Amino acid sequence: MKTKSLFAILTVAGLALGGCGTVDDAQNSDTGATPSEDTGTTGGPNTSGPPPGETDPDPDTGASSGEASTGEAMTTGVGFIEDPDGGGISFECDIFAQDCPDGEKCMPWSNDGGAWNATRCSPIAENPGQPGDECAVEGSGTSGIDDCDVGVMCWDVDGETNMGTCVAMCTGDAANPICEDPDTTCSIANDGAIVLCLPVCDPLLQDCPEGQACYPVAEDWVCGPDASGEMGTYGDPCEFINVCDPGLICLGAAATPNCQGAGGCCTEVCDISDPAGDAQCTGAPQGQTCQVWYEEGAAPPGYEDVGACSLPA
């Protein structure tokens, strides 16, 4: 089985290389992966319609935490890759501006051997790859050194071969990020160290390429590497959004029966329009129901029927 680099281990506030989702009863702004809040999603099981709650990081795991509140939206609190051990953001350069000297490009990297938590100027390869090309990294998937072109990053890196695929980074700026490919959306994470144009997907169809799954990031659902390995089944503990099997997502402990001692556990995505209703939820006999992901009227086109199996408050 293909193994992922650090990216294959997203934290509760990031993709594995990812983060666990949680629920919270705060009537507050969303926690989408935006320039100001890079570790959340605007979506989440919503039983009535108020704006999604805001999640608070767990000091021990870096995960968001909270509990379901009847009649209030729940958020997954996920972004892409936040290092639970800290390390801090250190911007040597601006990824959007690509303000490095000639012959170099601005890249995200890990300055402490963990997840991406900084930016650096790295050398541009002699014959750099373009989006969609196969690529190689030097050292590891978070070294910040690869053979892709300026504004392009080697992504979904195999930890054994150090090979991945060149993916375009967002252009524009943090307030107005741009992705030229209309089938992608800009996913900003790790306080802006990661700005990638990732393919949008349908969580009910799981229409991502082999080896990837559809995960929630900000108000969108995007394809990310499936880093579940031998774990990731229903009820398994999770600390990153992409360590659950395709069709499952990482929600906070309060959403899943018997989920103790973990930032969150894997639970199913469900179709709220399905006549079978709660029967889609493995934990239904223990109280889980299929709850709407977006507040009424807020679902992006095509996501109106998306739900998640969760315990009520």
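Here are some friendly notes on the disulfides and nonpolar cores of this structure.

1. Before anything else, keep in mind that you are looking at a predicted model. A disulfide is a covalent bond joining the sulfur atoms of two cysteines. How many disulfides does a search of the whole structure find? The search turns up 13, and three of them are described in the next points.

2. Start with C148 and C166, whose sulfur atoms lie 2.2 Å apart in a disulfide. This pair links distant parts of the chain: C148 sits in the loop between β6 (134–136) and β7 (152–155), while C166 belongs to strand β8 (residues 163–168), 18 residues apart. The torsion about the S-S bond is about -95°, so this disulfide is left-handed. Both C148 and C166 are buried.

3. Next, find C170 and C186, a disulfide with its sulfur atoms 2.1 Å apart. Is this one left-handed or right-handed? Its S-S torsion is about 105°, so the disulfide of C170 and C186 is right-handed. C170 is in the loop between β8 and β9 (171–172) and C186 is in strand β11 (residues 184–189), so parts of the chain 16 residues apart in sequence are tied together. C170 and C186 are buried.

4. Now move along to C281 and C309, which form a disulfide with sulfur atoms 2.1 Å apart. C281 lies in the loop between β17 (264–271) and β18 (289–292), and C309 in strand β19 (residues 306–310), so this pair ties together parts 28 residues apart in sequence. With -85° about the S-S bond, the link is left-handed. C281 is buried, and C309 is buried too.

5. In soluble globular proteins, nonpolar side chains tend to be buried together. Here the largest nonpolar core has 27 residues, and the members touching the most other members are M153, W155, M169, C170, V195 and L196. Two or more residues each come from β4 (104–109), β7, β11, β12 (194–199) and β13 (212–217). Which element gives the most to this core? That is β12, with five residues. You have already met C170: this core member is also the disulfide partner of C186.

6. Setting aside neighbours within four places in sequence, V195 is in contact with I95, F96, M169, C170, S187 and I188. There is also a second, separate core of 14 residues, with C223, A255, Y294 and Y303 among them.

Conventions. Residues numbered from 1 in each chain as written. Predicted model: local features only at pLDDT ≥ 70, side-chain atom pairs only at ≥ 80, totals over all residues. Heavy atoms only, no water. Disulfide = S-S within 2.5 Å. Helix = DSSP H or I, 4+ residues; strand = E, 2+ residues; numbered from the N terminus. Buried < 20%, exposed > 50% of the residue type's maximum accessible area, 1.4 Å probe, protein only. Core = buried A, V, L, I, M, F, W, Y, C linked by side-chain atoms within 4.5 Å. Contact = heavy atoms within 4.5 Å.
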